[in-house]
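Open the structure in your viewer and keep the selection tool handy. We will take it one stop at a time.

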Amino acid sequence: MTNENFKNKIICGDCLEVMRGFEASCVDLVVTSPPYNLKNSTGNGMKDGRGGKWANAALQNGYEGYDDAMPYEDYCAWQRDCLNEMIRLLKDDGAIFYNHKWRVQNGLLQDRHEILEGFPVRQIIIWKRSGGINFNAGYFLPTYEVIYMIAKPKFKLADKANRIGDVWEIKQESKNPHPAPYPEELTDRIISSTNAKIILDPFAGSGTTGVSAKKFGREYILIEKSKEYCKMIEARLEGSEWNARETGEENSQYSLW
Ligand SMILES: C[S@@+](CC[C@H](N)C(=O)[O-])C[C@H]1O[C@@H](n2cnc3c(N)ncnc32)[C@H](O)[C@@H]1O
């Protein structure tokens, strides 16, 4: 399948299956945040110090249609398969901005090397979010995530973007009803720091990557498994309110894979 059919489109389906249907070397940039497998945790993940779960944690129930709780080995193997596909789709001057979270599991740092080993990680950016509410008296409030810049050899940043440091203080998004959205400022910064023309987000969620791509006059390909979130993206890219479209599936413009 040529990517021409999917430029500036939302594709509703499993990203691995969809990406496997694309021709090689068809995108300049991938900006993505996969599910973190947060429900599979030995301790501090989604639990609170009172023995229960975070009552108000948006991700308490995972995503719509996806519970985010795979055995860790399966999760890593799946993410490696996804990254291999992203690398195949990337032109030889392209890069992937892959957002993830470090955590401590069984007393050791889980820095996601099981996922990233062998991929050309060039730099790790720290995304420092603002605070929140911490119900757990045993832990300081977690306020950072990481963004792996995985770059093909010819990748270069846009003019002057190398002046930006590698710690980004950007407030998390609070109005978006998706349980784990990017703040627009984050995707704006990534996209405007590159000269990419075609940008892929295989875990598109509420479509923030598409919103920023559009803002900077770039083209996007968005893949998202949940029909509900696909409708949310459609409405958002059309400039409507957050609510998913009221229209039925037959009236939706996203492509079913
Ligand atoms: C962390 S969220 C992405 C949020 C996004 N960055 C935003 O700004 O809204 C991960 C998304 O991946 C989706 N997802 C999970 N498994 C998927 C799969 N196999 N294929 C495509 N999307 C999937 C989930 O439904 C969820 O919306």
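## Stop 1: the sheet

Start by colouring the strands: nine of them, in the order S8-S6-S7-S3-S2-S9-S10-S1-S11, form an open sheet with mixed pairing. At its edges you will find S8 and S11 (255–256), each of which pairs on one side only. What you are looking at is a predicted model, and its chain holds 6 helices and 11 strands in total. Strands of a sheet are held together by backbone hydrogen bonds, in either a parallel or an antiparallel arrangement.

## Stop 2: S6 and its two neighbours

Next, select residues 121–128, which make up strand S6, together with residues 144–151, strand S7. These two run antiparallel and are joined by 7 bridges. For a landmark, show Ile124 and its bridge partner in S7, Tyr148.

Display Lys128 and you will see Glu169 of S8 standing opposite.

## Stop 3

Move along to residues 219–224, strand S10. How many of its 6 residues are buried? The count is 5, so S10 is largely enclosed by the rest of the structure.

Select residues 9–12 as well: this is strand S1, which runs parallel to S10 and is joined to it by 4 bridges. Lys9 has Ile221 as its bridge partner in S10. Then bring in residues 198–201, strand S9, again parallel to S10 and again linked to it by 4 bridges. Leu200 stands opposite Ile221. To get from S9 to S10, follow the chain through helix H5, residues 208–215; this β-α-β crossover is right-handed.

## Stop 3

## Stop 5

- Select Ser25, in the loop between helix H1 (15–20) and strand S2 (27–32). Its phi is positive, near 50°. Ser25 has 14 other C-beta atoms within 10 Å, so it is partly exposed.
- Then jump to Asn106, in the loop between strand S4 (103–105) and strand S5 (108–110). Asn106 also has a positive phi, about 50°, although it is not a glycine. Is this residue buried or exposed? It counts as exposed, because it has 7 C-beta neighbours inside 10 Å.

## Stop 4: the whole chain, and where to take care

Zoom out and colour by pLDDT. The chain averages 88, and 85% of the residues score at least 70. Now select residues 44–56, where pLDDT stays under 50. For this stretch the model has 25 contacts beyond four places in sequence.

Of its 257 residues, 33% count as buried. Among contacts between residues at least 6 apart in sequence, 68% join residues at least 24 apart.

Technical notes: Residues are numbered from 1 along each chain as its sequence is written. This is a predicted model: local features need pLDDT of at least 70, side-chain atom pairs count only at pLDDT 80 or more; totals for chains, interfaces and linings use all residues. Two strands pair if DSSP finds at least two bridges between them. A residue is buried if 20 or more other C-beta atoms lie within 10 Å of its own, exposed if 12 or fewer, and partly exposed in between; C-beta atoms are placed from the backbone. A crossover is right-handed if, with the strands pointing away from the viewer, the path from the first strand over the helix to the second runs clockwise. Two residues are in contact if their C-beta atoms, placed from the backbone, lie within 7 Å. pLDDT is the predictor's confidence in each residue, from 0 to 100.
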